[in-house]
Amino acid sequence: MSAHILVVEDEIQLAKFIELELKYEGHQITVAHDGMAGIAAARELHPDLLILDWMLPGISGIEICRRLRATGDKVPIILLTAKDEVGDRVTGLDAGADDYVVKPFSVEELLARVRAHLRRTQEINPDILTFTDLHLNRSTREVYRGQRLIELTATEFDLLEYLLAHPRQVLPRDRILEQVWGYDFMGDSNIIEVYIRYLRLKLEANNESRLIQTVRGVGYVLRE
Ligand code: CA
């Protein structure tokens, strides 16, 4: 499961380490090094999960939690804290954090918590398919690239939904035809190229990175 994770941590080395480990797990990472930049990024980018250091220059991690929750933001938040006292943990959870990891922590522990929280989000809302900054809602049939709402035709939507349901898997052309256009499709199989081109134009309208890659002679894959 690929997600966009915001890491707010003022220790540059630690932030870099967390970023690399999460990228290795296939996630897209944004890093902020102070409280103001952190809360701005959280509000602007709508990440799927926040890893938030408690002690930050400017606004503390706790204060970021409080402010996000006060505006109804339900993003899962994992607090990083050097404080290992029960009272502080309660303060963190009271402020709206979902979990906390006490420094120094093992990277396996942090990754396990990240997986658990992302899984929970997915279970709560199985209608939402996400890949990096691309979000598709099966029930409202809305698609977002970051904060940009993308208007898709019914077929474009079905094609994108199929790709999003199989991230990083190379999907052969005949399988895409069967799944999106149906077994009885008798038309020109070049229809896939045409629709992939439409989708790319819409998904990359603001010069965003390409997410639908061509695998020559085979088909297509959703990959960064
Ligand atoms: Ca700190």
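**Close-up views of the sheet and its helices**

View 1. Leu79 lies opposite Tyr100 of β5. Strand β4, residues 77-81, runs parallel to β5 and is joined to β5 by four bridges. Strands pair if DSSP finds at least two bridges between them; strands (E, at least two residues) and helices (H or I, at least four) are DSSP runs numbered from the N terminus. The model is predicted: local features need pLDDT of at least 70, side-chain atom pairs count only at pLDDT 80 or more, and totals for chains, interfaces and linings use all residues. Residues are numbered from 1 along each chain as its sequence is written, and side-chain values use heavy atoms, with hydrogens and water left out.

**View 2. The open sheet.** The order of the five strands is β2-β1-β3-β4-β5, with parallel pairing. Because β2 (28-32) and β5 (99-102) are the edge strands, each with a single partner, one side of each has no neighbour in the sheet. From one strand to the next, the twist averages 20°.

**View 3. Helix α1 on the sheet.** Helix α1 (residues 12-24) touches β1 (4-8), β2, β3 (49-53) and β4, contact meaning heavy atoms within 4.5 Å. The direction of α1 makes about 170° with that of β2; angles run from 0 to 180 degrees between N-to-C directions, and axes are lines fitted to C-alpha atoms, for helices over the stretch in contact.

**View 4. Crossing of α7 and α8.** The axes of α7 (residues 173-181) and α8 (residues 191-203) come within 10 Å and cross at roughly 75°. Arg173, Ile176, Leu177 and Trp181 of α7 meet Ile191, Ile192, Glu193 and Tyr195 of α8.
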